[in-house]
Amino acid sequence: MVVMGLLSLTGYLQWGRYFLALAHKITFTLFIAMGQLSPFFAPPAPPGGSSASAFDEQQLQRLEQLAQSTEIETGRLLALEMAPLAGDEAGQSDLKGKVRGWLVQNTIRADPEVRDALGRSMQRRRVGAPAGAR
């Protein structure tokens, strides 16, 4: 107890707590990183006596489970984003319509043929204007 009182007077106790908290965070971060990266460093080997098609079937089942869990998580995130409009049917339909229109417009604008046609049209229309002028 006396040692802690002396350390707190000198300021070392405060730095010790800081370094301990930092070491704690670094340790947890490293464990999480190792858990996330371990499948990349040690890919699963096919079981000893079974054929490659059985291993492929297992991989396919794992992929299907991953796709299903991703679909569920996406649904949850969408429900979370739509929470402010939970009781407002008109607001939800308006939002869905606007998002649908935005997706269509972005798809059309991203098409290389459409972009080239717009560029050629603007070039013909504005022969004397500098590039980027409106």
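**Whole chain**

Start with everything shown as a cartoon. The model is predicted. Colour by secondary structure: the protein has five helices and zero strands. Followed along the sequence, the pattern reads α-α-α-α-α. The accessible area is about 12,200 Å², and carbon and sulfur atoms account for 65% of that. How much of the protein counts as buried? Of its 134 residues, 4% do.

**Stop 1: a nonpolar patch**

Select Tyr18, Phe19, Leu22, Ile26 and Leu30. Together these residues make a nonpolar patch on the surface, with about 500 Å² of accessible area. Keep the selection and pick out leucine 22. This residue sits in helix α2, which covers residues 12-41. Is leucine 22 buried or partly exposed? It counts as partly exposed, because its relative accessibility is 35%, and buried would require under 20%.

**Stop 2**

The structure holds two salt bridges. For one of them, select glutamate 73 and arginine 76. Their closest N and O atoms are 3.9 Å apart. That falls within the 4 Å cut-off for a salt bridge. Both residues belong to helix α3, residues 52-81. They are three residues apart, about one turn of the helix. Glutamate 73 is partly exposed, at 39% relative accessibility. Arginine 76 has a relative accessible area of 55%, so it counts as exposed; the threshold for that class is over 50%.

**Stop 3**

Move to helix α4, residues 89-110, and select lysine 98 and aspartate 94. These two form a salt bridge, with 3.6 Å between the closest N and O atoms. What separates them along the helix? They are four residues apart, so about one helical turn lies between them. Lysine 98 is exposed, with a relative accessible area of 57%. Aspartate 94, at 41% relative accessibility, counts as partly exposed.

**Stop 2: a buried glutamine**

Stay in helix α4 and select glutamine 92. Is this side chain's residue, glutamine 92, buried or exposed? Glutamine 92 counts as buried because its relative accessibility is 14%, and the limit for buried is under 20%. Now show what surrounds it.

**Last view**

Clear the selections and return to the cartoon. Show glutamine 92, which is buried, along with lysine 98, which is exposed. Then bring back the patch formed by Tyr18, Phe19, Leu22, Ile26 and Leu30.

How values were computed: Residues are numbered from 1 along each chain as its sequence is written. This is a predicted model: local features need pLDDT of at least 70, side-chain atom pairs count only at pLDDT 80 or more; totals for chains, interfaces and linings use all residues. Side-chain values use heavy atoms; hydrogens and water are left out. Patches are made of residues with over 30% relative accessible area and no salt bridge: like charges are joined within 9 Å, nonpolar side chains (Val, Leu, Ile, Met, Phe, Trp, Tyr) within 5 Å. Accessible areas come from the Shrake-Rupley method with a 1.4 Å probe; for residues, only the protein chains shown count as cover. A salt bridge is a side-chain nitrogen of Lys or Arg within 4 Å of a carboxyl oxygen of Asp or Glu. Helices (H or I, at least four residues) and strands (E, at least two) are DSSP runs, numbered from the N terminus. Buried means under 20% relative accessible area, exposed over 50%, partly exposed in between (1.4 Å probe, protein chains only).
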